[in-house]
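Have the viewer open and follow along.

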Amino acid sequence: MTGSLPNDRLIKEMPKIDLHVHLDGSVKPATVLELAARQGLPLPAGDEAGLRPFMQVEEGQCGSLRQYLGTFGFVLQFLQTAEALEQAACEVVEQASGHNCKYVEVRFGPQLHLHNGLSLDEAIAHVIIGLKRGEQLYGVKARAIAICMRHHSFAVNSEVIEAAARFLGKGLVAVDLAGDEAAFPAAAFRELFEIARQRKLPVTIHAGEAAGPDNIYEAIMNLGATRIGHGISLREDPAVLALVKERGITLEMCPMSNIQTRAVTGWSSYPVRHYYEQGIAVTIHTDNMTVSDTNLTKEYGILADIFHFTASELAAIVMNGVEAAFLPDAEKQLLKQAYIRDFHALGIDVQHAQT
Ligand SMILES: [Zn+2]
């Protein structure tokens, strides 16, 4: 089994992990219908199919990360109450459980949910409540990551870091930087992530998605990132690639999203196999289940079908994710054992897999 190509059933059944999934990009259209009705807000369409164009990028129609990010404004208007945040967070866990995900880190920009009177701390608290509810209902361990937005001021973002620090170890595990990478390079955020360092907050940074490897270098060396969101442009600079490898930095790659934002021109230039073979800690995630119309099974299916990853190689990628989870060591060890047990039950030996 170890060297064999996985079939669809095996890909569906194997235990998975999602460390890079955005709350606002993963709200189900049916939930927007519900939330709009409950909140008395108007909708441009009355059914799920009619809403999809407002929540999803069209195949081949999205030209850039900036255009991709444009879909988020629509959903955010419905995510301004405690109840909505709890439901959306719980449902991300539910969706993950449908693909045998055992652990999920759900990220969101708490400052994007304050238009209806919630405070920063309330926004974070209600997302965590929703994740905990999902964890209990679906048996998927779930934690939150707070995002600073590139286009927000230092003052706004530093409040997010301080609020995140108050929830560290209480359902929140890290902070992130997201948004328009091309317009706001990583170097402008040194002072901000110095606060994260002082507060001992683990850091992941979106870098090398819509800009070059300089941002990846900056995120690692000056912003304290131990994980990089996407990192597609890494191959353009062998020195930065060597740095990522040496330091064991994890790449959170999101194939469907990376194609849609034109981080690469097509699958033939998608570097997942290249990075994997270089010994880089590659991991695979959904980014935005609704915006990208994806799920973990689909993403791993792409790796098997297009890049010919074997079952044991896919297992190694999953285990890279378990290793990179922002969890305390003891919890991570338990999680690791649970994954190994599940892989063994499917006849996949992860002992020999590259982790
Ligand atoms: Zn992302």
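Predicted model: local features only at pLDDT ≥ 70, side-chain atom pairs only at ≥ 80, totals over all residues.

Start with helix 16, which spans residues 329-345. Its 17 residues reach 24 Å from the first C-alpha to the last, close to the 24 Å you'd expect at 1.5 Å a residue. Now see which of its residues are tucked away: Lys332, Leu335, Lys336, Ala338, Tyr339 and Phe343 are the buried ones. These cover an arc of only 165° around the axis, which puts them on the same side of helix 16.

After helix 16 comes Gly347, with a positive phi near 80°.

Helix 9 (residues 190-198) can be read in a similar way. Leu192, Phe193, Ile195 and Ala196 are buried here, and they sit on the same side of helix 9 because their arc around the axis is only 140°. Glu191 and Arg197, on the other side of helix 9, are exposed. The cover over the buried residues of helix 9 includes strand 3, helix 8 (154-167), strand 4 (172-178) and strand 5 (203-207). Just after helix 9, Lys200 has a positive phi of about 60°.

Next, a pair of helices. The axes of helix 2 (residues 29-39) and helix 6 (residues 82-97) come within 11 Å and cross at roughly 170°. Angles over 145 degrees count as roughly antiparallel, and helix 2 and helix 6 are therefore roughly antiparallel to each other. Where do they touch? Helix 2 brings Thr31, Glu34, Leu35, Arg38 and Gln39, which meet Glu83, Ala84, Gln87 and Glu91 of helix 6. Sorted by class, this contact of helix 2 with helix 6 has two nonpolar, three polar and four charged residues.

Finally, zoom in on Thr297, which sits in helix 14 (residues 296-307). Is Thr297 buried or exposed? Its relative accessibility is 15%, so Thr297 counts as buried. Leaving out residues up to four places away in sequence, Thr297 touches Ile11, Lys12, Lys16 and His99.

Conventions. Residues numbered from 1 in each chain as written. Heavy atoms only, no water. Axes fitted to C-alpha atoms, helices over the stretch in contact; angles between N-to-C directions. Helix = DSSP H or I, 4+ residues; strand = E, 2+ residues; numbered from the N terminus. Parallel < 35°, antiparallel > 145°, perpendicular 65-115°, else oblique. Contact = heavy atoms within 4.5 Å. Nonpolar A, V, L, I, M, F, W, Y, C, P; charged D, E, K, R; others polar. Expected span 1.5 Å × (residues − 1). Buried < 20%, exposed > 50% of the residue type's maximum accessible area, 1.4 Å probe, protein only. Arc of directions from axis to C-beta.
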